[in-house]
Amino acid sequence: AVLTEASQAIPTSSAVWLLAGNLLATLPADVRTENRPASTVPLTASLPIGNVVLDPAAAYRQASQRDASQAAPWLALAAWRQRSADPEGAQAAFAQAADLEPQNPTVIIAQAEALQAQGQITPALTLLLDAHQRLPGSPDLLVALAGLRAEIRDQRSEIGYVGDENSPVSNLRSPVSDISSPRALLEQALILNPASSAASLALAELDRRAGHLPQAIARLQTAVQLDPANPGLLIALANLEGRRDPQAAQARLQEAVRRNPSLGWPLTALAGRELSEGETSAAEAHLRQALQVNPPFGGAALVLGQALQRQGQSADAETVLRGALAFDATNAAVAVTLADLLARQGRITETLTLLQETIANNPAAAVPLIALGNFLQDHLWKADDLQSPVSGLRSPTSAYTLAMTRAPQNADAYIALANWYLAQGERAHAWQTLQQGQAQTPNDLGLQLAVGQWYLGGADTINARAAFSQAVTLDQSRADGWMGLAQAWLAAGERTL
């Protein structure tokens, strides 16, 4: 109603139409459906601004027509197209934004992230490198480039790796081609902008993985002083401080909520800590509050759905998860959680349909394919019922293999296939799969742990100890490596060690 009045008072305002699009984009798809009886549709669902019944795309186009020089409406349209599982429409909108503001790092980074989500890693990297060549003083581009390089080889460059002839990085030349590690890129970003929260967060994560917790905490504390309201900094600092001072962590999270009342993310982080402390009622209240202040935030729906499922409230969990998918059809984590819920209820056909839709909506994602492989392990007798745009998925092996093909840097796909081979007694195939995974992501903790367990399963305690020791080196702050190392010593009869 306010936007309708504003559109009549200032009919040439682009901002009014941009806000209208954002408002409509926060409504689930079924609420926006046209040709429904007026009595069943909330007032804002049709939003008759200027006597036009809108959907988000129409509103964003109206905004762009009123100010043809701004990229913001096209960026908003691209984001909405992505959530609607329309990658082609998203890239077309990104292209429009880039034409209008070719030197805007925000536009370039958003376009690169969209390409990355579709599995187009090399085009995304090329886009960022070319942009950095034009805009060498942009710290945001350096942070984005560091993140993408880290994903390409799982931070292999952090230990001095430059590239090999098959790496997308090795065939690209730019002013940053001599910078061999994500850490160096991030440190350069901080030199350009000491207040860059994104760079501080990423560097603190590298510190944490290296076991340098005091350094990570100190880095985040400094960053919080420069940007005290940043929820990412406060949440990351709470996660590190919570290991030794739970009350301080709780206070950090409450501060993040207080400073960001319209965001669902801090409320969800606070609820996560409450769940870990057994405070179920408080956590559920905060998660529902997160969905109230920010309905499209899938993270809150995911955690709430999982919590409700653990409490046996399956119907409520299903409602919450389906609501999240109505906002974002590409949210693979939510879809996989819902599929697990349906499978546990014996709703086999619905599970298969949902997983196949999720695979189609996320063509570069390994998560739904891994979930399908896990499902097929228990329901091979239903494999012939599989109907999908993705052909040939009739066994766990085929699902896991396709996940490895689509997302070769996703270590979970290799681990899942190796575990499936082990369950069939095929240790040689399992080892081959783990080696293939380590060739792609040599510093992945999960793969290193799986290698240790493979050795342990073959009673090779010497190599098992070596593998688990390497896992501890990769991330000293995680208990998994230490537990594996303890298992290996126990298996060797060394109880004291």
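**Reading contacts, helices, cores and rings**

Reader: Which residues does Ser477 touch, not counting residues up to four places away in sequence?

Author: Contact means heavy atoms within 4.5 Å. By that rule, Ser477 touches Arg208, Leu213 and Arg243. This is a predicted model, in which local features need pLDDT of at least 70 and side-chain atom pairs count only at pLDDT 80 or more, while totals for chains, interfaces and linings use all residues. Residues are numbered from 1 along each chain as its sequence is written, and side-chain values use heavy atoms, leaving out hydrogens and water.

Reader: Where is Ser477 found, and is Ser477 buried or exposed?

Author: Helices are DSSP runs (H or I, at least four residues) numbered from the N terminus. Ser477 lies in the loop between helix 27 (461-474) and helix 28 (479-491). Its relative accessibility is 16%, so Ser477 counts as buried (under 20% relative accessible area with a 1.4 Å probe, protein chains only; exposed is over 50%, partly exposed in between). Ser477 and Gly211 are 266 residues apart in sequence, yet their C-alpha atoms are 5.5 Å apart in space.

Reader: At what angle do the axes of helix 2 and helix 6 cross?

Author: An axis is a line fitted to C-alpha atoms, for helices over the stretch in contact, and angles run from 0 to 180 degrees between N-to-C directions. The axes of helix 2 (residues 14-25) and helix 6 (residues 72-83) cross at roughly 10 degrees and come within 10 Å. The two helices are therefore roughly parallel (angles under 35 degrees). Helix 2 contributes Ser14, Leu18, Asn22 and Ala25 to the contact, and helix 6 contributes Ala72, Pro73, Ala76, Trp80 and Arg83.

Reader: Which residues of the largest nonpolar core touch the most other members?

Author: A nonpolar core is a set of buried Ala, Val, Leu, Ile, Met, Phe, Trp, Tyr and Cys residues joined through side-chain atoms within 4.5 Å. The largest has 72 residues, and Leu354, Ile370, Leu372, Phe375, Leu434 and Phe468 touch the most other members. Helix 24 (residues 411-423) supplies the largest share of this core, 9 residues. A second, separate core has 25 residues, including Ile109 and Leu145.

Reader: How many aromatic pairs does the whole structure have?

Author: Rings of Phe, Tyr and Trp (its six-membered ring) pair if their centres lie within 6.5 Å. The search finds 3 pairs. Trp454 and Tyr455 form an edge-to-face pair, 5.5 Å centre to centre with 80 degrees between the planes (edge-to-face is over 60 degrees). Trp454 is buried at 15% relative accessible area, and Tyr455 is buried at 17%. Ring pairs link Trp431, Trp454 and Tyr455 into a cluster.

Key
Angles under 35 degrees count as roughly parallel, over 145 as roughly antiparallel, 65 to 115 as roughly perpendicular and the rest as oblique. Rings of Phe, Tyr and Trp (its six-membered ring) pair if their centres lie within 6.5 Å; planes under 30 degrees apart count as stacked, over 60 as edge-to-face and the rest as tilted.
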